[in-house]
Structure formats: structure tokens, C-alpha cells
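Please look at the structure first.

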Amino acid sequence: MTIGIAVIGAGMAGKSHAAAYRVAPTLYRPTLPDLRYVSICDVNAEIGEATARRYGYERSDTDWRAIAADPDIHVVSVVIANSLHLEVVRGLLEAGKHVLCEKPLADTLESAREMARLAREASSIARIGLTYVRQPGIAAIRNWIQDGTLGTVLHLSARYWCDYACNPKGQMSWRYKGPMGSGALADVGSHLTYLSEFLCGDMTAVSGGAFTTAITERPLPLGAVVGHGQVDVSSETEPVENDDYATFTAKFGATTASLEASRVAAGYPNGLNFEVFCVNGAASFHQDTPSQVRLYLHDDQPGTNGYRTVNLGSDHPYVAGGMAIDVSGVGFGQNEGFAFQARAFLEEVAGIPESESLPRNASFDDGVHNMEILAAVAESAADNGKTVTL
Ligand SMILES: NC(=O)c1ccc[n+]([C@@H]2O[C@H](COP(=O)([O-])OP(=O)(O)OC[C@H]3O[C@@H](n4cnc5c(N)ncnc54)[C@H](O)[C@@H]3O)[C@@H](O)[C@H]2O)c1
């Protein structure tokens, strides 16, 4: 068995997927079948070609239909603007491809539900990449909650602060289009809500939803935009339609969380940070230092107790047996998360039993649930922060 791989979209996250499939077979023992790196597809031919060459894919394409039509391709990552996910995923599932789609599942809840319906009816596997649960520090904290080291969560304070939209001269892109809730909340808040449920269990209600659009007009780009990179801009501007900042309170039964998503948090290029308070202590994770977490336990010695820094290594999930050097202090970050995600997807496609694999990636139904939370926050924000039950 040989699994042929393609990636659609060679922008910021697309390159991470292209690289991740390369790294995936090098994680853990070699249990995956042979992999064939077939194509990188991007409407921008130059970017697609450069990415294919950089990561050793055989060719590049400019139309996703060439990927759907190629019988040598079995696994496809969809890493393009959210509003394009439905059309491309539909075509790929109809062609029998296994699809790993980026988050959020779609630009609207309606499109996401249609994608989940297509996935349920498909003969192939459809998964959504919500990468952060594969951060060793986040997975370790979750284990400590579940095995009683930290125990039941009392409350959570989590924020995903980014600063990519701070510059008013930063060009218009697909990220600034769509209704309130499709901005910072969907872009980075989707990670936050998913990992808050990973730590606290099922979210039952949201309240106190509020949005701010700090920069209301942006200049049009004069060249191709990739990720958050700055390009030359025109003097013509267009209105920013969605949220630069979002905040809300989430309920998980008896547990409460305060959650914030921002793309105008100056000084935080990629600041996914949280602190979780539990019956036996507390823990915190900061994306700036992803190979460490801080842990506080009540049963530390009185007089010398306090938060300790734990360097993640061979005693922790994903690192142990997975990384080339799996001892603490070596360090790792977000790129590795994509590689573990790709590995989990390939294991599932290869039919390796779940008991011998990494935890499976989330389903499209999970992706719909994730978007229902975002919609509930938008509903709360539209009505003075009212409580919306999930
Ligand atoms: N999991 C994560 O941590 C993470 C991080 C960043 C982005 N994302 C997600 O990845 C997706 C893409 O985001 P990005 O930041 O990489 O975007 P991007 O704007 O950097 O790149 C998108 C690429 O898609 C190409 N493209 C546009 N239309 C296309 C089409 N029809 N067919 C093929 N290629 C096309 C563009 O030319 C561009 O190169 C989004 O869904 C986003 O939410 C996830």
C-alpha cells in the first residue's frame, strides 16, 4: 500500500501541512505504509511550485480539480480560506479522497453542517485539524486533570492573543471578511474553544459575548497575500467586516471559563496562553515557551511551595518516543503539532487501530459543534451579552 499525498493551499498553514507529512513517518516507530508526495496545489502557481520543490512533492497544480481527478492521490489537506472549504471538500469527498480540512470547518454554520453531512455519507475519512490538543504541554495538563494530579477544574482563564492585525496599513485579506464572529473569534478563538472543552469537558452555555473592530478600514493589497505577511498596498481601502477582538464567558456544568481572542494584542505574535485552576492546584501554558508548563500543587511543602516550571520531555505525551531527541530541554513548538496531526491522520487512513495510534483527529461533526459555540458567542454579543445555551 502506498498513500499518495497532496496539499491544497500553500500559504502560511499550507506549508506546515506540506512539511508535516514529511515529518510524520519519522515520528515514533516506522508503522506507516510507504508515502508518496504527489502535489501541492495553489492558485498562485509560483507559491505552489516553490512549496512543492521545498518539501519534495513531485509536482504542483493550480486547480484543486486536478487533485480530485488524480487516482494516485489518496490523502488531501485543505488549507485555504474558510469560505472555500465547502466547495473543495465536497469535490474531494465525491472523488473518494481522505480529507484533512483546516479549522474553522467553514465560513458559515450552514456550510459547516453541509460538510458534516457530506462527510457522514462519504466512503472516505474526513477530519478537521485543531492542532493545539497535540501540544505536549496542553496534553500533559489534560492528563493531570484526568488522572487526579490536578483533579476537577474549578475555573479556566484562556486567551489567544495575536497582533497580526495591529498595523492599520496591514492589507485587506479574506480574514477581514464575513459577519461578526468570523474574525478573531473564528480564526484563533476556534482553537481556544476546542481546547477549553479538551480541558473542562462539554461547554453548556456562553454569556457576556462582546466584539470590537479596532481598525475599521484596510488598504487593498497590490500583490499576493500569504498569511500575515505585509505587501505593498493601494490607497483604496475596504471596510473590515468582522471582529478584531472577542470575549465571552463559557460554562461547562459547574466550571466557568473566561475566554478572549484578539488579533490586535500588540506584542503577542502568537499568544495562546491559559491558566487552569483545579481542586489540587493549577497549571499554565504559554505558547511562547511551548516546551515548558508551570505547575502548582497544594501538597508542596508549606513555606517553599509555589509554581514550578516543568520541562517537557520523555515523561510527557507526544515527546516520549515521538521526537527525534525526546529528552527535556531540547524544545519544540507549533510546527511539531502539525506533524503529529498528520501522523494521526495517516495512521487512520492506513487502518492502524486506534489503540496503536495517536488520538484520532476531530470529526466534521466536532467541527460543526466548534462553530456552534462561535455562533452562540455571536448571538450573545448581538443581544447585550445574553446567555445562550448550547
Ligand atoms: N491550525 C492552525 O494553527 C492554522 C494556522 C493558520 C491558518 N489555519 C487555517 O488554514 C487555512 C488557510 O489559512 P492560511 O493562513 O494558510 O491562509 P493564506 O492566506 O496564508 O494561504 C491561503 C493560500 O490559498 C491559496 N488559494 C486561494 N484560493 C485557492 C484555491 N481555490 N485553490 C488552491 N489554493 C488557493 C492562496 O493563493 C494562498 O496561497 C484557514 O482555514 C485557516 O483558518 C490554521
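Helix axes are lines fitted to C-alpha atoms over the stretch in contact, and angles between N-to-C directions run from 0 to 180 degrees. Helices (H or I, at least four residues) and strands (E, at least two) are DSSP runs, numbered from the N terminus. The model is predicted: local features need pLDDT of at least 70, side-chain atom pairs count only at pLDDT 80 or more, and totals for chains, interfaces and linings use all residues. Residue numbers start from 1 along each chain as its sequence is written.

**Domains**

The chain splits into domain 1 (2-130) and domain 2 (136-332 + 369-381). These bounds come from an automatic or database domain assignment. The centres of domain 1 and domain 2, taken over C-alpha atoms, are 25 Å apart. Across the boundary, 15 residues of domain 1 contact 17 residues of domain 2. The side of domain 1 that touches domain 2 has ten nonpolar, three polar and two charged residues. Contact requires C-beta atoms, placed from the backbone, within 7 Å. For classes, Ala, Val, Leu, Ile, Met, Phe, Trp, Tyr, Cys and Pro are nonpolar, Asp, Glu, Lys and Arg are charged, and the others, Gly among them, are polar.

**Helix packing**

| Pair | Axis separation | Angle |
|---|---|---|
| α5 (residues 109-121) and α10 (residues 364-382) | within 9 Å | roughly 165° |
| α8 (residues 189-200) and α10 | within 10 Å | roughly 110° |
| α4 (residues 85-94) and α5 | 10 Å | about 10° |

Angles under 35 degrees count as roughly parallel, over 145 as roughly antiparallel, 65 to 115 as roughly perpendicular and the rest as oblique. Because α4 and α5 pack at about 10°, α4 is roughly parallel to α5. His85, Leu86, Val89, Arg90 and Leu93 in α4 meet Ser111, Glu114, Met115, Leu118 and Ala119 in α5. That contact of α4 with α5 has six nonpolar, two polar and two charged residues.

α5 and α10 are roughly antiparallel to each other. α5 passes α10 in a left-handed crossing. A crossing is left-handed if the near helix is turned anticlockwise from the far one by less than a right angle, and right-handed if clockwise. From α5, Leu109, Ala112, Arg113, Met115, Ala116 and Ala119 take part, facing Phe364, Asp365, Gly367, Val368, Met371, Glu372 and Ala375 in α10. By class, the contact of α5 with α10 has nine nonpolar, one polar and three charged residues.

How are α8 and α10 oriented to each other? They are roughly perpendicular. Their crossing is right-handed. Gly189, Ser190, Thr193 and Tyr194 in α8 meet Asn370, Ile373 and Leu374 in α10. This contact of α8 with α10 has three nonpolar, four polar and no charged residues.

**Ligand shell**

Which residues come nearest to the ligand? Of the 25 residues around the ligand, they are Gly9, Gly11, Met12, Ala13 and Glu102. A residue is near a molecule or strand if its C-beta atom, placed from the backbone, lies within 6 Å of it. Helix α1 (residues 12-23) gives the most to this shell, with three residues. Domain 1 and domain 2 each supply at least three residues to the shell. Its classes are 13 nonpolar, eight polar and four charged residues.

**Backbone details**

Lysine 103 and proline 104 are joined by a cis peptide bond, with omega about -20°. Proline 104 sits in the loop between β5 (98-102) and α5. Tyrosine 28 is not a glycine, yet has a positive phi of about 60°. Tyrosine 28 belongs to the loop between α1 and β2 (34-41).

Definitions and conventions: Two residues are in contact if their C-beta atoms, placed from the backbone, lie within 7 Å.
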